[in-house]
Amino acid sequence: MKILVTGAAGFIGFHLVKALINSGNEVVGIDNINDYYDVNLKYARLKETGINRELISENKKLIKSTIHENYQFAKIDITDLKRLEELFEMEQFTHVVNLAAQAGVRYSLENPHAYVQSNVVGFVNILECCRNYKIKHLVYASSSSVYGANAKIPFSEEDRVDQPVSLYAATKKSNELMAHTYSHLYNLPTTGLRFFTVYGPWGRPDMAMFLFTDAIENDKPIKVFNYGKMERDFTYINDIVEGVQRIVNKPLEERIERKELYKIYNIGNNNSLKLLDFIKEIEINLGKEAKKTMKAIQPGDVERTWANVNTLIKDYGYKPNTSIKDGVKAFVEWYKIFYN
């Protein structure tokens with residue numbers, strides 16, 4: 001397989017690229033390396049895969065990894081249709097994993113245009129390239145946020161998802177709708193993955209895992225929203241990547257025979273954890289007690305998430321097995337090394 005991974009400098013993209021490379025696949029990664037959060041972290045992730053900052057070209061040319069013969073990277077934005085088409089024409093990919101997106105629920109309230117450009121325009125560009133260059137399988141990132149105001153727990157792929165409570169969620173739902181259209185019209189196999197709260201080493205600094213760890217370690221107060229009455233399906237990064245790999249690697253003959261070109265899956269830990277228990281685990285690993293500032297729930301937030309992953313288990317044998325204890329420990333150990 002020859003696989004394009006968009007968002008390759010991002011948290012999930014970085015880990016997936018490493019796994020796909022180590023499995024012997026030929027991989028090309030692209031990322032626009034925007035400044036939504038610290039670009040130094042993005043460049044550090046790239047360096048781990050042999051892509052050195054000084055070699056990254058602003059002219060959007062591919063550069064070879066200095067560590068892995070089967071990996072190349074280019075600084076390309078998925079909104080740049082012309083360069084995407086050139087890349088697809090030149091590389092002749094068999095599979096695409098689209099993880100590139102403007103992330104963050106709360107930021108979508110401040111800068112909606114960034115989300116429309118990346119998550120809507122950019123995704124259409126990916127779909128068009130996959131259609132025109134005969135990609136065998138497009139796997140793309142959706143989000144648990146599409147469940148919005150859904151009150152049924154745990155969340156199932158069969159639940160209604162027409163009540164988004166943030167623009168970010170709305171753009172992700174639009175991705176699913178557009179993918180369905182392309183699967184229907186052009187026989188393009190697509191698989192959307194509704195990621196739940198992913199955490200682990202090299203995680204994003206705008207997410208709870210990092211924010212809490214950084215604040216507690218530096219004796220600063222942490223903001224605990226909804227007065228602590230929040231629950232999340234925290235999923236360790238290795239479990240996420242293992243699930244994505246299973247989907248990419250499995251042949252599609254059976255799905256094609258069943259005329260299931262379009263599929264959506266939840267991908268999470270199959271459990272819901274109280275936010276205060278998550279914080280407690282960080283405190284244990286840091287040997288410090290958090291100074292908590294209780295806050296009301298923020299616009300765009302939901303009180304509880306919990307993924308029903310039975311369909312992914314049935315179809316792909318997916319089995320998340322990293323405990324919160326082991327996952328938090330791994331993140332805190334990485335944080336102390338990387339930042340101290």
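These are my notebook entries on what I looked up in this predicted model.

**Ground rules**

I number residues from 1 along each chain as its sequence is written, and I leave out hydrogens and water, since side-chain values use heavy atoms. In this predicted model, local features need pLDDT of at least 70 and side-chain atom pairs count only at pLDDT 80 or more, while totals for chains, interfaces and linings use all residues.

**Entry 1: the sheet**

I began with the strands. Helices (H or I, at least four residues) and strands (E, at least two) are DSSP runs, numbered from the N terminus. Two strands pair if DSSP finds at least two bridges between them. Strands of a sheet pair through backbone hydrogen bonds, either parallel or antiparallel.

I found an open sheet of 8 strands with mixed pairing. Its order reads S3-S4-S2-S1-S5-S6-S7-S12. Which strands stand at the edges? They are S3 (63-64) and S12 (262-267). Each has a single partner strand, so one side of each is left without a neighbour in the sheet.

**Entry 2: strand S6 and its partners**

Next I looked at S6 (residues 137-143). It runs parallel to S5 (residues 95-98), and 4 bridges join the two. Asn 98 stands opposite Tyr 140 in S6. Helix H5 (residues 167-186) packs on the sheet and touches S6, S7 (190-195) and S12. Contact here means heavy atoms within 4.5 Å. The direction of H5 makes about 155° with that of S6.

S6 also runs parallel to S7, through 6 bridges. I noted two facing pairs. Tyr 140 stands opposite Gly 192 in S7, and Ala 141 stands opposite Leu 193.

Is S6 buried or exposed? I used these cut-offs: buried is under 20% relative accessible area, exposed is over 50%, and partly exposed is in between (1.4 Å probe, protein chains only). In S6, 7 of the 7 residues are buried, so the strand is largely enclosed by the rest of the structure. One side holds His 137, Val 139, Ala 141 and Ser 143. The other holds Leu 138, Tyr 140 and Ser 142.

S7 is mostly covered, with 6 of its 6 residues buried. Thr 190, Gly 192 and Arg 194 are on one side of S7, and Thr 191, Leu 193 and Phe 195 are on the other.

Two packed helices are described by the angle between their axes and the distance between the axes. Axes are lines fitted to C-alpha atoms, for helices over the stretch in contact, and angles run from 0 to 180 degrees between N-to-C directions.

H4 (residues 112-132) packs against H5 at an angle of about 15°. Their axes are 10 Å apart. H4 and H5 are therefore roughly parallel to each other. The cut-offs are under 35 degrees for roughly parallel, over 145 for roughly antiparallel, 65 to 115 for roughly perpendicular, and the rest for oblique. I listed the residues that meet, among them Tyr 115, Phe 123 and Leu 127 in H4 and Tyr 168, Met 178 and Tyr 182 in H5.

**Entry 3: H9 against H11**

How do H9 and H11 lie relative to each other? The axes of H9 (residues 275-286) and H11 (residues 324-339) come within 9 Å and cross at roughly 50°. H9 and H11 are therefore oblique to each other. From H9, Phe 278, Glu 281, Ile 282, Asn 285 and Leu 286 take part in the contact. The H11 residues include Ile 324, Val 328 and Lys 336.

**Entry 4: single residues**

Arg 232 is in strand S10 (residues 231-232). It is buried, with a relative accessible area of 14%. Leaving out residues up to four places away in sequence, Arg 232 touches Thr 197, Asn 271, Ser 272, Leu 273, Val 302, Glu 303, Arg 304 and Thr 305.

Ser 323 is in the loop between H10 (310-316) and H11. It is partly exposed, at 32%. Its C-alpha atom is separated by 9.7 Å from that of Phe 234, 89 residues apart along the chain.

Most residues other than glycine have a negative phi, and most peptide bonds are trans. I noted some exceptions here.

The peptide bond from Ile 153 to Pro 154 is cis, with omega near -5°. Pro 154 is in the loop between S6 and H5.

Lys 134 has a positive phi, near 55°. This residue lies in the loop between H4 and S6, and at 67% relative accessibility it counts as exposed.

Asn 226 also has a positive phi, near 55°. Asn 226 is in the loop between S9 (221-225) and S10. At 12% relative accessibility, Asn 226 counts as buried.
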